[in-house]
Structure formats: structure tokens, C-alpha cells
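Hi there,

Here is the structure I promised to pass on to you. Have a look at it first, and then read on for what turned up.

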Amino acid sequence: NPVFFADNNRLNFRFSGRYALECNDPLSGLLWSTISDTSTLALTMERLPLTRDLARLPEPFFDPRLLREPLNLPIIMSEAAANDTVRAAVIASTWFAVQADYRGASFPVQASVPDRGNAVVIAVGPDSVPGVTLPRFEGATLALVQNPNDPFGLLLVIGGRSPAEVVTAATAMAIGREALSGEMAVVQQQQVPQRAAYDAPRWVRTDRAVRLGEFMDPSELQAFGYVPGPISIPFRTAPDLYTWRNRPLNADIRFRAPPGPIMDVRVSRLDVAVNDVYLRSLPLRAEAPGWPWGWVQRQVMAESDWTQSQFGLPPWMIFGQNELQLRFDMRPLHRGECVAVPGDVRASIDPDSTIDLSTAHRFATLPNLAHFVGAGFPFTRHADFSRSALVLSERPNAQELSTALGLMGRLSAIVGYPAVSLAIARPGNLDSVADRDLLVVGALGRQPALQQLLRDGPVTVEGNRVSVSLSDPIGDFRAIFGGSSSRPERERVAAQLNAPGEALGMLVGFESPLRGGRSVVALTGSTPAGVDAMLASLRDPEQMPRIQGDVALLSGGRVEAFRLGNTYTVGTLPFWLWPQHYLSDQPWAVLGLMVLAAILLGAPLFWILRRRAALRLRARTRQ
């Protein structure tokens with residue numbers, strides 16, 4: 001009956017069966033049922049005209065009720081748009097991408113309105129979009145107009161008399177949407193708060209212990225049944241966590257389960273895993289201390305139904321997007337034959353349980369494309385991208401603009417904040433963004449910035465041709481002392497670049513030649529289609545784990561990663577951790593220090609012994 005329908009609906013099935021006339025074990029494997037995945041649900045619906053009201057944003061352009069369908073929202077703008085106009089498109093698209101979150105989002109750029117559906121129009125002046133009647137702009141304006149090609153479609157107009165006013169309108173939608181209402185609104189310039197490093201809304205704090213109840217609803221921490229599914233606790237952070245000798249990060253979990261008369265606490269347990277990797281099992285009941293400590297504890301402390309356990313999270317298992325999985329495995333206490341077993345069993349995790357990342361330092365060795373793919377690092381250190389710049393070609397085509405918007409949307413969805421402070425640059429004015437981390441997007445031969453930025457690296461670009469330098473004297477010298485040489489990797493990359501095939505996609509990370517300590521990640525390819533295919537691989541769960549090192553190539557539908565160039569570091573460490581960092585993967589340096597220590601200890605001892613021998617010989621001569 002549609003009377004019972006709400007925004008989000010669930011059709012529940014509950015199986016009740018028996019395999020004997022008496023004494024049925026409800027946990028027996030003889031009792032089972034399956035709902036076929038070929039079952040269907042048919043709905044007859046009638047579409048109604050939409051109400052044009054800015055207060056309903058992001059609807060109807062994004063429907064949060066579609067839990068699995070990715071967002072596909074066309075952006076109507078000119079390919080020859082100015083930097084501020086492109087920046088407005090980035091702010092608008094990243095705001096919608098934040099709403100879509102895990103679903104993913106794409107923003108195809110086109111010059112005309114679509115034949116069906118909704119779209120976002122970036123307009124500078126009332127005559128900037130042919131075929132669409134735009135309102136008169138008296139300042140930075142947000143408006144909803146009907147799609148002239150579809151009576152059920154709407155256009156969100158982000159416009160103004162100048163590109164700067166368009167940026168103001170986009171920022172007002174991304175930051176101050178709560179004050180919008182009606183079909184049209186003229187907005188004022190927003191005071192955008194400065195974001196601090198690592199304060200992304202979707203990242204857990206690292207300056208103190210964080211309660212699970214701060215980012216999880218208590219109802220999501222409940223478990224039903226003897227062997228329920230895992231309680232998944234997603235948490236995000238930057239992957240640059242560094243601890244002394246990889247010491248684990250603290251987790252303090254409190255949980256409640258049925259008491260002993262119902263549950264066999266000797267075999268029941270709570271299993272802990274991180275990112276689907278098993279860590280340990282916790283007993284449902286901690287052993288009571290013996291006498292007299294148990295008696296003292298009962299007299300001094302109030303009894304609690306909660307069981308508390310502390311364990312460590314290995315820092316090398318913490319990536320950008322993580323999941324702590326807690327799974328109750330409870331077994332009923334055997335009471336004899338034909339004795340009823342409680343069926344409605346519940347357990348829960350205390351919302352006051354904590355995850356503490358404050359003991360870790362923020363330090364990472366780059367380039368590492370795995371950090372970029374998993375967490376957008378280092379660009380996402382500031383959630384508003386105030387330390388980042390997007391470098392486009394002088395005249396990017398629609399496909400390259402779509403790729404740039406899709407990339408920025410993915411990074412903004414990771415942090416949960418639109419890119420309101422991102423700078424837009426072209427190859428001719430790279431010096432103006434030299435103090436920022438650079439995201440370079442464009443096909444080979446259409447992006448001159450690649451040739452300028454890659455001039456000193458192992459990968460060089462000349463027109464639409466990529467070449468790899470096979471000489472690596474520093475790496476060959478390190479290989480003598482037990483290090484690794486990148487020459488075999490360079491030969492593999494060169495062979496793959498010279499092999500004929502379909503469109504090639506490439507992702508390259510390296511240190512910026514404009515400013516030390518700044519990062520550059522270039523998303524490029526032999527054609528604009530190759531660039532877009534490389535972006536699609538960043539969303540593919542099969543391809544993502546393969547993207548590592550500093551160069552990733554997409555050819556023949558498969559990604560291969562390589563380590564070719566030198567590394568650099570970002571972040572800070574206390575002075576007493578620097579020896580660990582330098583010597584952790586440098587056996588030749590440890591050998592050199594051992595030789596130096598032997599010389600420093602042996603030389604004075606040798607001199608003392610020689611002097612004693614000389615004095616003894618001199619005394620004998622006098623006798």
C-alpha cells in the first residue's frame with residue numbers, strides 16, 4: 001500500500017521454520033531460507049512538475065534517496081571561460097560532489113542545455129547561454145529556471161555581470177545555502193572562514209581522542225542476533241601518520257552483551273578488524289580479579305554492564321578511508337534438551353568508546369600516488385584547497401574540463417567540503433601559484449605546463465611524446481650498498497610508452513620545481529579520452545590498489561605503477577625521530593655508521609694502548 005511509503009523504504013522478510021515436532025534448535029543449519037536476487041518490485045508512478053525553490057537544494061539536481069546511483073550533472077559553460085568562471089564551476093561541482101559522497105559524481109561540460117533532465121548553468125551576462133532565457137543580473141545571482149527542452153527539467157543558474165560575481169554566487173551556494181529561498185536570489189560576498197590543516201569535516205580529529213558517538217549514530221552501534229553482521233565504523237584521516245617504531249594507535253572500546261546465564265561467555269567473543277584485516281578477538285566478559293582485589297573493587301567501584309578493552313591500531317593499516325569492523329560472535333549457553341533458547345538477543349558498542357590518533361606525528365615521504373588516490377593527499381591537508389591550484393591548458397576542451405571537475409569533485413568528497421579557495425592557473429602564469437601544490441590536468445600536446453614542470457624529472461614531455469631517462473647514476477651508486485636502482489623500472493616504462501596501442505592514460509607525482517616541498521600531480525594521457533579513462537580508474541575498486549609509486553600508466557584497461565624518481569618529505573618530526581626515519585630503509589647508512597663508530601671507539605683506544613706500551617718500554621730501558 002503506497003500509504004506506508006516514505007522517502008526511504010525497506011521491505012523486510014522474516015523466516016520462521018522448524019525441522020522437528022519438538023525441541024527445535026533455532027541455530028541449526030537445517031533452518032535456512034534465501035530471497036532470490038531475481039525477485040522484482042513493480043511500481044506505477046506519475047511524475048509531477050517540480051517546485052522551483054532554492055531552499056530545496058541540492059534537490060532536484062541531486063537526490064540523496066538514490067543510495068547507489070552516481071550523480072551525473074551537466075555543467076553548461078563556455079570552453080573559453082576565464083579563470084574565475086572555471087573556479088565558479090569548480091566550487092559548484094565540488095559542492096554537489098560532497099552531497100553525493102560515496103556514490104561518486106561526474107560533471108560533463110557542454111555548451112548547450114541537455115534535451116532532458118537538469119543542469120547547472122555558469123553564466124556571465126544574460127546572453128551567455130543561447131536558447132535559454134536568463135534573468136537580468138543585478139549582482140551575484142542564483143536562480144532556478146525551466147529547461148526549455150524538458151517541462152520536468154530545471155536549470156540552476158549561477159550568474160553575474162562579471163566572472164568575480166559568478167564566483168560570489170557559487171560560494172554563497174556552497175557556504176551559505178541555508179539562507180536561500182524562492183526562485184531567484186541576489187547574494188552578497190561571503191566571508192569564507194580559513195580552514196586549518198587536517199580539520200576536514202569528514203576526518204577524525206588528531207589532537208585528542210574521538211568518541212564514536214561524534215560521527216556515528218548510537219542506533220548504528222547495535223547488533224541483533226547471535227551472529228549478527230559486523231558493526232562498521234568508517235573513519236577518515238590523512239595517511240601521513242608516523243609513530244615511533246610504528247607503535248600502534250590507541251582504541252578504547254566498551255561493549256555490552258547478554259550475561260552468562262544466557263550466553264556461553266567462554267566461547268563467545270567480539271572480533272576486531274580494520275579494513276577487512278583481522279586484528280584480535282575480545283572476550284565478552286573480562287576475568288574477575290581474585291580475592292582480595294575483587295572484593296576491594298566491588299566495594300569501591302560501582303558495577304557496570306559494560307566490558308572495556310583497549311587495543312592498538314597499526315599505523316601502516318590506516319589509510320585515507322578506513323573502516324573499523326566489530327563483529328559479535330555469541331553462542332547460547334547449553335541448558336539441556338528441549339529447553340527454550342532466547343531468540344531476541346542484542347548487543348551494543350558504547351558511543352563513548354574512543355579512537356585516539358593524537359600520538360602520531362604528521363610526516364610522509366612523497367611522491368606516493370597511493371596517498372593521492374586514497375585520500376587526495378597532500379592536496380586535502382586543507383579542506384578548502386587553499387594551498388592548492390588547478391592548472392589547465394590555455395584553451396581546454398569540454399572533455400578536459402569535465403575531467404578536471406570530476407577530479408576536484410572526488411577530492412572534495414573525501415574531505416566533505418567544497419573547494420572554495422582553490423586557485424586556477426594556466427601554463428603562462430605558473431609563477432603566481434608557485435607556493436601551492438599543483439594539480440595539472442590536460443592531454444599531452446595540449447598542456448605546455450607538463451613540459452615546464454617535468455623538465456628535471458625522469459619523465460619528460462616534448463609535445464605529445466613522453467620519454468624516460470634510462471640513466472640513474474645516484475640509484476646505481478646506492479645499489480652498490482644494498483639500495484635499489486630504478487633502471488629496470490625505467491626500462492619497463494619506456495617499453496610500455498613505445499608500444500603501440502589504444503589511448504594511454506598517465507598519473508605522475510613529483511616535487512614541484514617551482515618551490516621545494518610542494519607537490520605536483522599530473523593527470524594526463526595521449527588523448528583527452530585517455531585522460532578521462534585514467535580518472536575513471538581512480539574510482540575503480542580493482543584498479544585503485546594498483547596505483548602506487550610516482551608513475552601510473554593505464555594501457556589496455558589495466559594500470560601499472562612504477563617508482564622512477566627521487567623522494568621528498570612533507571610534515572615535521574621531532575629531532576629524536578630523524579635517525580629512525582633516515583636509517584629505517586638505508587642498510588648502507590647503518591653500515592657506514594657502524595664503521596664510523598668502530599673508528600671513533602678504536603682510534604682513541606689504539607692510541608692509549610700504544611702510549612702505554614711506549615711508556616713501558618721506556619721504563620725498561622732506564623732500568
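Thr354 sits in strand β19, which covers residues 354-356. Keep in mind that this is a predicted model. Is Thr354 buried or exposed? Its relative accessibility is 18%, and buried means under 20%, so Thr354 counts as buried. Setting aside neighbours within four places in sequence, Thr354 is in contact with Ala209, Val210, Arg211, Ala251 and Asp252.

You will find Leu221 in the loop between β9 (209-211) and β10 (222-224). Leu221 is buried, with a relative accessible area of 0%. Which residues does Leu221 touch, once neighbours within four places in sequence are left aside? They are Leu212, Met216, Ile231, Ile233, Ala347, Ser348, Ile349, Asp350 and Pro351. Ser232 is eleven residues away from Leu221 in sequence, and the two C-alpha atoms are 8.3 Å apart in space.

Now for the whole chain. It has 623 residues, of which 45% count as buried. The chain holds eleven helices and 30 strands. Its C-alpha trace spans about 120 × 80 × 50 Å along the principal axes. Among contacts with a separation of 6 or more, 74% come from residues 24 or more positions apart.

Next, a pair of helices. The axes of α1 (residues 83-100) and α2 (residues 163-175) come within 8 Å and cross at roughly 10 degrees. Angles under 35 degrees count as roughly parallel, and that makes α1 roughly parallel to α2. On the α1 side, the contact is made by Asp84, Thr85, Arg87, Ala88, Ile91, Ala92, Trp95 and Phe96. From α2 come Pro163, Ala164, Val166, Val167, Ala170, Thr171, Met173 and Ala174. Sorted by class, this contact has twelve nonpolar, two polar and two charged residues.

How many of the residues of α2 are buried? Ten of the 13 are, so α2 is largely enclosed by the rest of the structure. The buried residues are Glu165, Val166, Val167, Thr168, Ala169, Ala170, Thr171, Ala172, Met173 and Ala174. They pack against α1 and also against β5 (119-124), β6 (141-146) and β7 (154-160).

Helix α5 is worth a look too. Made up of 18 residues (398-415), α5 reaches 26 Å from first C-alpha to last, close to the 26 Å expected at 1.5 Å a residue. This helix is mostly covered, with 17 of its 18 residues buried. What caps the N-terminal end of α5? Asn397 does, through a side-chain oxygen that lies 3.2 Å from the backbone nitrogen of Gln399. Just after α5 comes Gly416, with a positive phi of about 80 degrees.

Finally, some backbone details. As background, most residues other than glycine have a negative phi, and most peptide bonds are trans. With that in mind, here are some spots to check:

- Asp101 is not a glycine, yet has a positive phi of about 55 degrees. Asp101 lies in the loop between α1 and β3 (105-106) and is partly exposed, with a relative accessible area of 23%.
- Asp276 has a positive phi as well, near 70 degrees. Asp276 belongs to the loop between β14 (269-274) and β15 (277-283) and is exposed, with a relative accessible area of 68%.
- The peptide bond from Glu59 to Pro60 is cis, with omega near 0 degrees. Pro60 is in the segment before β1 (71-72).
- Leu366 and Pro367 are joined by a cis peptide bond, with omega about 0 degrees. Pro367 falls in the loop between β20 (361-366) and α4 (369-375).

Conventions
Residues are numbered from 1 along each chain as its sequence is written. Side-chain values use heavy atoms; hydrogens and water are left out. Helices (H or I, at least four residues) and strands (E, at least two) are DSSP runs, numbered from the N terminus. The expected span of a helix is 1.5 Å times one less than its number of residues. Buried means under 20% relative accessible area, exposed over 50%, partly exposed in between (1.4 Å probe, protein chains only). A polar contact is a pair of N or O atoms within 3.5 Å; within protein, one must be able to donate a hydrogen and the other to accept it, and residues adjacent in sequence count only if both atoms are side-chain atoms. Axes are lines fitted to C-alpha atoms, for helices over the stretch in contact, and angles run from 0 to 180 degrees between N-to-C directions. Angles under 35 degrees count as roughly parallel, over 145 as roughly antiparallel, 65 to 115 as roughly perpendicular and the rest as oblique. Contact means heavy atoms within 4.5 Å. Ala, Val, Leu, Ile, Met, Phe, Trp, Tyr, Cys and Pro count as nonpolar, Asp, Glu, Lys and Arg as charged, and the others, Gly among them, as polar.
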